[in-house]
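Subject: A structure for you to look at

Hello! Here is the structure I promised to hand over, with some notes to read beside it. Please open it first and keep it in view as you go.

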Amino acid sequence: MSGELMQAYGIMVPLSRKSPVPPSQCNLARAIELIGDRWTLLILRSALYGVRRFDDFQEELGTPRTVLSSRLNDLVDAGLLEKRPYKLKGRRARSEYVLTEQGEALRPVLIGLTQWGDAWLGAGGQPPISFTDAESRDAVRLAFVSSAGREVALDDLRVVIRR
């Protein structure tokens with residue numbers, strides 16, 4: 001069995017009984033632990049589209065208020081959102097939740113999930129949102145790019161395990 005290979009997304013992966021990196025040492029597992037639940041991902045999605053205020057998150061997502069409060073606090077504690085005060089005239093001061101640089105760095109991941117959803121979950125029609133180059137207006141897609149700037153096809157991607 002150890003000599004067998006499986007093709008996943010064009011990458012040849014040896015069959016194995018366990019992952020080469022234990023979850024306790026894997027940054028993907030840590031990221032999933034941090035942002036992998038439904039409400040957290042939906043909050044981040046909304047924040048990437050500019051939603052910042054508790055009531056706006058709650059209205060848009062329909063999240064129970066206690067769950068929303070907990071998830072927002074977790075995202076602040078993790079450094080993905082920053083809590084900033086604001087005050088509307090005649091009302092008490094409140095907080096809004098602004099993406100930090102670390103939170104903003106999730107944009108490509110969420111765009112990748114969007115594009116995956118368009119390809120695999122969409123009804124085949126025009127997706128409700130798309131991404132284009134600001135100058136040329138050409139459609140863009142996420143890709144693997146080498147440090148030399150060359151796009152790397154999935155078939156040419158090699159996984160390196162450091163032990």
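The model is a predicted one, in which local features need pLDDT of at least 70 and side-chain atom pairs count only at pLDDT 80 or more, while totals for chains, interfaces and linings use all residues. Residues are numbered from 1 along each chain as its sequence is written, and side-chain values use heavy atoms, with hydrogens and water left out.

A contact means heavy atoms within 4.5 Å. Setting aside residues up to four places away in sequence, E151 touches R141, A143, F144 and V145. Is E151 buried, exposed or partly exposed? Buried means under 20% relative accessible area, exposed means over 50%, and partly exposed is in between (1.4 Å probe, protein chains only). E151 has a relative accessible area of 43%, so this residue is partly exposed.

Next, please find helix α2 (residues 38-48) and helix α3 (residues 54-61). They pack at an angle of about 115°, and their axes are 11 Å apart. The axes are lines fitted to C-alpha atoms, for helices over the stretch in contact, and angles run from 0 to 180 degrees between N-to-C directions. On the α2 side, W39, L42, I43, R45, S46 and A47 make the contact, and on the α3 side F57, E60 and L61 do. Sorted by type, these residues are six nonpolar, one polar and two charged. For that sorting, Ala, Val, Leu, Ile, Met, Phe, Trp, Tyr, Cys and Pro count as nonpolar, Asp, Glu, Lys and Arg as charged, and the others, Gly among them, as polar.

Two residues of α2 are worth a click. T40 is found in this helix and is buried, with a relative accessible area of 3%. Not counting residues up to four places away, T40 touches L34, I35, R71 and L75. A47 also lies in α2, and at 8% relative accessibility A47 counts as buried. Beyond its neighbours within four places in sequence, A47 is in contact with F57, L81 and L99. A47 and Y97 are 50 residues apart in sequence, yet their C-alpha atoms are 7.9 Å apart in space.

**The nonpolar core**

A nonpolar core is a set of buried Ala, Val, Leu, Ile, Met, Phe, Trp, Tyr and Cys residues joined through side-chain atoms within 4.5 Å. The largest one has 19 residues, and I43, L44, F57, L72 and L81 touch the most other members. At least two residues of this core come from each of α2, α3, α4 (65-77) and β4 (94-99). Which element gives the largest share? The answer is α2, with five residues. If you select F57, you will find that it touches I43, S46, A47, V51, R52, G62, L68, L72 and Y97, again not counting residues up to four places away in sequence.

**Salt bridges**

Side chains of opposite charge can pair when their charged atoms come close. A salt bridge is counted when a side-chain nitrogen of Lys or Arg is within 4 Å of a carboxyl oxygen of Asp or Glu. The count by this rule is nine. Here are three of them to look up:

- D37 pairs with R71, with the closest N and O atoms 3.2 Å apart. D37 is in the loop between α1 (27-35) and α2, R71 is in helix α4, and the two are 34 residues apart.
- E96 pairs with R52 at 3.5 Å between the closest N and O atoms. E96 lies in strand β4 and R52 in the loop between α2 and α3, so this pair ties together parts 44 residues apart in sequence. E96 is buried at 11%, whereas R52 is partly exposed at 35%.
- D55 and R94 meet at 2.8 Å, N to O. D55 lies in helix α3 and R94 in strand β4, so the pair ties together parts that are 39 residues apart in sequence.

There is also a network of salt bridges that links R52, R53 and E96.

Enjoy exploring!

How values were computed. Helices (H or I, at least four residues) and strands (E, at least two) are DSSP runs, numbered from the N terminus.
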